[in-house]
Amino acid sequence: MFLKLLLAFTIIPLVELAMLIQLSKATSLLVTVGIVIFTGIVGSMLARWQGALAWQRFRQALAEGRMPAPEVQDGLLIFFAAGMLLTPGLLTDAMGFLLLIPQTRLLARHCLAARIGSRFQIQTFGFGENAQPTQSDPNTIDAAAASVRSDKRTDS
């Protein structure tokens with residue numbers, strides 16, 4: 001794992017730098033800097049928009065009593081995409097823009113779930129009014145809660 005991270009943090013920046021140098025030679029330094037700044041600005045606006053939509057879907061899932069796992073995953077992928085878009089480079093910008101597209105984000109979620117899901121055992125239970133445990137477990141305590149609100153004020 002350490003070797004993979006080391007390679008990722010050394011090879012990717014070198015490839016990005018080489019691509020930016022080649023772009024600068026093909027166009028000009030001003031055009032290259034302009035592209036980097038433009039993609040950073042547009043990317044941050046798109047990430048903010050997609051993040052707001054993900055937040056709205058997250059709140060809707062909670063209001064419906066559903067576990068908001070896909071919404072949380074979308075939010076994390078959007079956050080990751082925003083970080084890639086703010087990193088100067090053409091390759092990271094392309095990957096960041098791809099993660100901001102809902103269909104490619106869905107594909108990324110499925111790929112990550114397949115990769116991570118094979119390493120962990122995941123159990124989820126619903127919550128809210130429609131919550132029904134999927135298994136009976138002797139270590140599970142079934143309880144109910146009620147909100148009690150007193151309209152009387154006591155001045156002490």
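## Buried charges and salt bridges

Asp74 and Arg109 are both buried in this predicted model, and their side chains meet in a salt bridge with 2.9 Å from N to O. Because Asp74 lies in helix 3 and Arg109 in helix 5, this pair ties together parts that are 35 residues apart in sequence. The two residues also belong to a network of salt bridges that links Arg57, Asp74, Arg105 and Arg109.

The structure holds 5 salt bridges, and Arg66 takes part in one with Glu64, where the closest N and O atoms are 2.8 Å apart. Arg66 also meets Glu71 in a salt bridge, at 3.6 Å from N to O. Glu71 counts as buried, with a relative accessibility of 10%, whereas Glu64 is partly exposed at 43% relative accessible area and Arg66 is partly exposed at 35%.

## The largest pocket

The largest pocket has a volume of about 740 Å³, and the elements that each give two or more residues to its lining are helix 1 (2-26), helix 3 (69-86), helix 4 (90-100) and helix 5 (102-117). The largest share, 7 residues, comes from helix 1.

The lining consists of 22 residues, with Ala8, Ile12, Phe80, Met84 and Met95 lying nearest the centre of the pocket.

## An aromatic pair in helix 2

The structure holds 1 aromatic pair, formed by Trp55 and Phe58, which are stacked with 5.4 Å from centre to centre and 25° between the planes. Both residues lie in helix 2 (residues 29-63), where they are 3 residues apart, about one turn of the helix.

Methods:
Residues are numbered from 1 along each chain as its sequence is written. This is a predicted model: local features need pLDDT of at least 70, side-chain atom pairs count only at pLDDT 80 or more; totals for chains, interfaces and linings use all residues. Side-chain values use heavy atoms; hydrogens and water are left out. Rings of Phe, Tyr and Trp (its six-membered ring) pair if their centres lie within 6.5 Å; planes under 30 degrees apart count as stacked, over 60 as edge-to-face and the rest as tilted. Helices (H or I, at least four residues) and strands (E, at least two) are DSSP runs, numbered from the N terminus. On a 1 Å grid over the protein atoms alone, a cavity is a set of points where a 1.4 Å probe fits but cannot get out, and a pocket is an open set with protein on both sides within 12 Å along at least five of seven lines; lining residues have an atom within 4 Å of a point. Grid points are joined across faces, edges and corners, and a volume is the space filled by probe spheres set on the points. A salt bridge is a side-chain nitrogen of Lys or Arg within 4 Å of a carboxyl oxygen of Asp or Glu. Buried means under 20% relative accessible area, exposed over 50%, partly exposed in between (1.4 Å probe, protein chains only).
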